Amino acid sequence: MALLLAVFVFSAATVLSVQKQYRESEKLYNESTEQFVKPVSIPPSSPAPARIKDTFNAEDDSKAAAMAEEASREYAPFSVDFDGLKQRGPDVIGWLYCPDTVIDYPVVKATNNDYYLTHSYDGTYSASASIFVEEKNSSDFEDANTIIYGHHMRSGAMFAGLEAWSDQMYYESHPVMWLVTPEQDYKVVLFSGYTTSAYSDVYTIYRGNGPQLNEYVDGAL
């Protein structure tokens, strides 16, 4: 009985510790967004693509218009104070954001893929960890493809929300993400999503364009 009680106490303490880390991580990222990310006014953009308009019923025209406007933006709808952000997390190389989702995080890169599996972007230990770039990729996003990792959290945080894109309607209403870096902004047009093995060729890094890259992209369609 004493042994069982000890195991129960240890398990309960572990669960409470992890939940505390989740709360602290959520607080850190919320505070970072408020402190370092600012909205940017974007001029009226071009008419909505038909595939987005057609996703909604007539009574949802306002939502369709909003989603379509977001998809047709040519500039990121926010800016990031990277000077201030890097004082808190020197390994930050960008910020990833998808409108109307929980994906709104700084992106980091270390010399190995292990560190940010268990640490927040500011270096504190965290079960939620960070959104981070593959160690073999360049830090300036100049490779032909860049791999970005994130945990699938039970709380729905980090990259857990990627499962939602398996629904066609959700995908069509969230067709782009934004990757903002100190040098430039990237509009990430989402074209494919699938489950793959940890040993898949999808983790191959291509430094430039060519037949192999074309095959890589075709294989994702």
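Predicted model: local features only at pLDDT ≥ 70, side-chain atom pairs only at ≥ 80, totals over all residues.
Close-up 1. With a relative accessibility of 34%, Val217 counts as partly exposed. Together with Phe191 and Leu221, Val217 makes up a nonpolar surface patch, and the three share about 310 Å² of accessible area.

**Close-up 2. The salt bridge of Glu74 and Lys187.** Here the two side chains meet at 3.8 Å, N to O. Glu74 belongs to the loop between helix H3 (61–72) and strand S2 (78–80), while Lys187 is part of strand S8 (residues 185–189), so look for partners 113 residues apart. Glu74 is exposed, at 57% relative accessible area, whereas Lys187, at 27%, is partly exposed.

**Close-up 3. The salt bridge of Asp143 and Arg207.** The structure has two salt bridges, and in this one the side chains of Asp143 and Arg207 come to 2.9 Å, N to O. Asp143 lies in the loop between S5 and S6 and Arg207 in the loop between S8 and H6, so the bridge ties together parts 64 residues apart in sequence. Asp143 counts as buried, at 11% relative accessibility; Arg207 is exposed, at 52% relative accessible area.

**Close-up 4. Aromatic rings that pair up.** You can find nine aromatic pairs in the structure. Phe132 and Tyr149 form a tilted one, with 5.2 Å centre to centre and 40° between the planes. Phe132 counts as buried, with 5% relative accessibility. Elsewhere, ring pairs join Tyr29, Tyr105 and Tyr121 into a cluster.

Key: Residues numbered from 1 in each chain as written. Heavy atoms only, no water. Phe/Tyr/Trp six-rings, centres within 6.5 Å; stacked < 30°, edge-to-face > 60°. Buried < 20%, exposed > 50% of the residue type's maximum accessible area, 1.4 Å probe, protein only. Patch = residues over 30% accessible without salt bridge, like charges linked within 9 Å, V, L, I, M, F, W, Y side chains within 5 Å. Areas by Shrake-Rupley, 256 points an atom, 1.4 Å probe, with all protein chains shown as cover. Salt bridge = Lys/Arg side-chain N within 4 Å of Asp/Glu carboxyl O. Helix = DSSP H or I, 4+ residues; strand = E, 2+ residues; numbered from the N terminus.
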